[in-house]
Amino acid sequence: MLRFVLPSILWTILVIVLSVSSSQKLIGDGFVFEGADKIAHFIMYTFLTLFWTTALKRQNKSVKLRAKAFLIALIGGFLLSLILEIIQEYFIISRFFEALDLIANAFGCIFGVLLFKLIYRNTYR
């Protein structure tokens, strides 16, 4: 089971670290266009949900987890997103709560589940 869950855990840690890091360190001096961070949010949460859905669907310990993998990954991804946005607002000086980030994260979560269904359409339902 660890081989299925480990990528999910590592990606979750990466999302958390990037979310609580100073935005100045993340952006740097490179070319950044308006809305680039929303694309980054969408991609991060797409993979977060894809990895967790894959882990929950491929594990063999619990049939209930497999059956509810889509819902768990969607709700878990969105709740993590909401918690991190609240932490950014109240505990990180250079970061702020942004509703558009939350929306981009939510769409990323939904797309992650849809991507899983596309990739594994003949294997998992």
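Author: Glu89 counts as partly exposed, because its relative accessibility is 35%. The model is predicted, so every value here is computed from predicted coordinates. Glu89 sits in helix 5. Set aside the neighbours within four places in sequence, and Glu89 is in contact with Arg95, Phe96 and Phe97. Lys57 is another matter. Lys57 and Glu89 are 32 residues apart along the chain, and their C-alpha atoms are 34 Å apart.

Follow the contact from Glu89 to Arg95. Arg95 belongs to the loop that runs between helix 5 (69-91) and helix 6 (99-119). Is Arg95 paired with a charge, or without a salt bridge? Arg95 has no salt bridge, although it is buried. Its nearest side chain of opposite charge is that of Asp101, at 5.6 Å.

What does the side chain of Arg95 reach instead? Backbone oxygens. The one of Ser21 lies 2.7 Å from a polar atom of the Arg95 side chain. The one of Ser19 is reached at 3.5 Å.

Now to Asp101 itself. Asp101 is buried, because its relative accessibility is 2%. Which residue does Asp101 pair with? Its salt bridge is with Lys38, and the closest N and O atoms are 2.7 Å apart. Lys38 is in helix 3 and Asp101 is in helix 6, so this pair ties together parts that lie 63 residues apart in sequence.

The side chains of Asp37 and Lys38 form a salt bridge of 2.7 Å, N to O.

As a general point, side chains of opposite charge can pair when their charged atoms come close. Here the pairs join up. Asp37, Lys38, Glu98 and Asp101 are linked in a network of salt bridges. How many salt bridges does the rule give? The count comes to three.

How covered are the members? Lys38 counts as buried, because its relative accessibility is 19%. The cut-off for buried is under 20%. Asp37 is partly exposed, because its relative accessible area is 34%. Glu98 is partly exposed too, because its relative accessibility is 32%. Asp101, again, is buried at 2%.

Helix 6 also holds Asn105. Is Asn105 buried or exposed? Asn105 is buried, because its relative accessibility is 1%. Its side chain makes two sorts of polar link that you can check on screen. One goes to the side chain of His41, at 2.9 Å. Another goes to the side chain of Ser81, at 2.6 Å. Beyond the neighbours within four places in sequence, Asn105 is in contact with His41, Tyr45, Ser81 and Glu85.

Step back to the whole. The protein has six helices and zero strands. Along the sequence the pattern reads α-α-α-α-α-α. The radius of gyration is 15 Å, close to the 14 Å that the globule rule gives for 125 residues, so the protein is as compact as a globular protein of that length. Its C-alpha atoms fill a box of roughly 45 × 25 × 25 Å along the principal axes.

Among contacts between residues at least 6 apart in sequence, 75% join residues at least 24 apart. Of the 125 residues, 33% are buried.

Methods. Residues are numbered from 1 along each chain as its sequence is written. This is a predicted model: local features need pLDDT of at least 70, side-chain atom pairs count only at pLDDT 80 or more; totals for chains, interfaces and linings use all residues. Side-chain values use heavy atoms; hydrogens and water are left out. Helices (H or I, at least four residues) and strands (E, at least two) are DSSP runs, numbered from the N terminus. Buried means under 20% relative accessible area, exposed over 50%, partly exposed in between (1.4 Å probe, protein chains only). Lys and Arg count as positive and Asp and Glu as negative; His and the chain ends are not counted. A salt bridge is a side-chain nitrogen of Lys or Arg within 4 Å of a carboxyl oxygen of Asp or Glu. A polar contact is a pair of N or O atoms within 3.5 Å; within protein, one must be able to donate a hydrogen and the other to accept it, and residues adjacent in sequence count only if both atoms are side-chain atoms. Contact means heavy atoms within 4.5 Å. The radius of gyration is taken over C-alpha atoms; the globule rule is 2.2 Å times the number of residues to the power 0.38.
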